[in-house]
Amino acid sequence: MSEHMNLTGGLDLGERFDHTAFAVVEKLEQPQYDPFDDSPPVYSFNVVDLYRWPIHPWVGYRKIVDQLGKRLHRLENLMEAPLYYDCTGPGRMAIPIVTNAWQAGTLGYSKPHAITVTGARISTKGGHVAKLDLVTFASRLIDEKRLKIHGDLEFTAVLRNELEHYEMRPSKSGDTVYEAGRQGKHDDLVFAVMLALFYAQRTQGPCRPAAT
């Protein structure tokens with residue numbers, strides 16, 4: 001990875017019989033060809049790192065966080081990327097583990113952000129985000145061809161398969177749910193990417209120009 005990359009990480013903490021997934025996206029600024037155009041800049045995003053832990057009932061959050069820290073140290077620039085992780089439900093148990101790892105200097109330079117994902121229609125402040133907002137933003141990027149996935153990543157094919165089977169459908173209670181559409185399919189990488197994308201759009205600092 002080269003210098004001056006505007007990176008953001010997303011971590012979906014799985015339950016006992018589900019995957020934990022990690023994704024990193026880079027925010028890129030689209031070139032403006034009109035020097036007199038004062039409209040806000042338009043950004044695109046590249047998925048530059050993906051990882052999914054195998055399902056194992058005895059691999060706890062402590063070991064996963066330790067392995068994630070080692071991964072951040074191996075890949076250039078990732079220690080500087082802010083990390084947003086899902087602490088909804090069982091993921092709340094990981095908050096002290098993540099915090100302690102960061103305080104020990106093994107999980108990046110900026111304090112990780114614990115995010116609670118809700119079924120609300122609008123996101124609120126204080127570390128809460130509506131799943132609808134995550135899905136809507138990622139869908140818009142895909143529709144506008146502003147999201148690219150590096151083809152040489154280990155889990156690129158898995159992510160594309162998850163995206164293919166991800167769907168919106170009504171629940172028995174009448175609410176709308178967003179998840180893998182077929183039994184036996186997973187959406188862990190999709191969720192990690194959506195989490196990273198949603199907060200990457202809010203990051204400050206310089207961005208590299210998108211390739212034309």
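Tutor: The largest cavity has a volume of about 70 Å³. The model is predicted, so local features need pLDDT of at least 70 and side-chain atom pairs count only at pLDDT 80 or more, whereas totals for chains, interfaces and linings use all residues. Residues are numbered from 1 along each chain as its sequence is written, and side-chain values use heavy atoms, without hydrogens and water.

Student: What makes the largest cavity a cavity, and what lines the space?

Tutor: On a 1 Å grid over the protein atoms alone, a cavity is a set of points where a 1.4 Å probe fits but cannot get out, and lining residues have an atom within 4 Å of a point. The volume is the space filled by probe spheres set on the points, which are joined across faces, edges and corners. Gly-9, Phe-22, Val-24, Leu-72, Leu-78, Ala-81, Pro-82, Leu-83, Leu-107, Gly-108, Tyr-109 and Ser-110 line the largest cavity.

Student: How do you know how the lining of the largest cavity divides by class?

Tutor: Ala, Val, Leu, Ile, Met, Phe, Trp, Tyr, Cys and Pro count as nonpolar, Asp, Glu, Lys and Arg as charged, and the others, Gly among them, as polar. Sorted this way, the lining of the largest cavity has nine nonpolar, three polar and no charged residues.

Student: How many cavities of 30 Å³ or more are there?

Tutor: The count is two cavities of 30 Å³ or more. The second largest cavity has a volume of about 50 Å³. Ala-138, Ile-142, Leu-147, Leu-159, Leu-163, Val-190, Val-193, Met-194 and Leu-197 form its lining, which divides into nine nonpolar, no polar and no charged residues.

Student: Which helix gives the most to the lining of the second largest cavity?

Tutor: Helix α5 does, with four residues. Helices α3 (131–143), α4 and α5 each supply at least two residues of that lining. Helices (H or I, at least four residues) and strands (E, at least two) are DSSP runs, numbered from the N terminus. The protein chain comes to five helices and ten strands.

Student: Why is α4 described as it is relative to α5?

Tutor: Helix α4 (residues 156–165) and helix α5 (residues 188–200) pack at an angle of about 90 degrees, with their axes 8 Å apart. That makes α4 roughly perpendicular to α5, because angles of 65 to 115 degrees count as roughly perpendicular, those under 35 as roughly parallel, those over 145 as roughly antiparallel and the rest as oblique. Axes are lines fitted to C-alpha atoms, for helices over the stretch in contact, and angles run from 0 to 180 degrees between N-to-C directions.

Student: What makes the contact of α4 with α5?

Tutor: From α4 come Val-158, Leu-159, Glu-162 and Leu-163, and from α5 Asp-188, Leu-189, Val-190 and Val-193; contact means heavy atoms within 4.5 Å. By class, this contact has six nonpolar, no polar and two charged residues.

Student: What angle do α3 and α5 make, and how is that angle classed?

Tutor: Helices α3 and α5 pack at about 85 degrees, with their axes 9 Å apart. That makes α3 roughly perpendicular to α5. Lys-131, Asp-133, Leu-134, Val-135, Phe-137, Ala-138 and Leu-141 of α3 meet Phe-191, Met-194, Leu-195, Leu-197 and Phe-198 of α5. The contact has ten nonpolar, no polar and two charged residues.

Student: Is Leu-147 buried or exposed, and how do you know?

Tutor: Leu-147 has 19% relative accessibility and therefore counts as buried: buried means under 20% relative accessible area, exposed over 50% and partly exposed in between (1.4 Å probe, protein chains only). Leu-147, in strand β7 (residues 147–149), touches Phe-45, Val-47, Leu-141, Ile-142 and Leu-197, not counting residues up to four places away in sequence.

Student: What makes up the lining of the largest pocket by class?

Tutor: The lining has six nonpolar, five polar and seven charged residues. A pocket is an open set with protein on both sides within 12 Å along at least five of seven lines. About 370 Å³ of space lies in the largest pocket. Of its 18 lining residues, the closest to the centre are Asp-12, Leu-13, Glu-15, Asp-86 and Thr-88.
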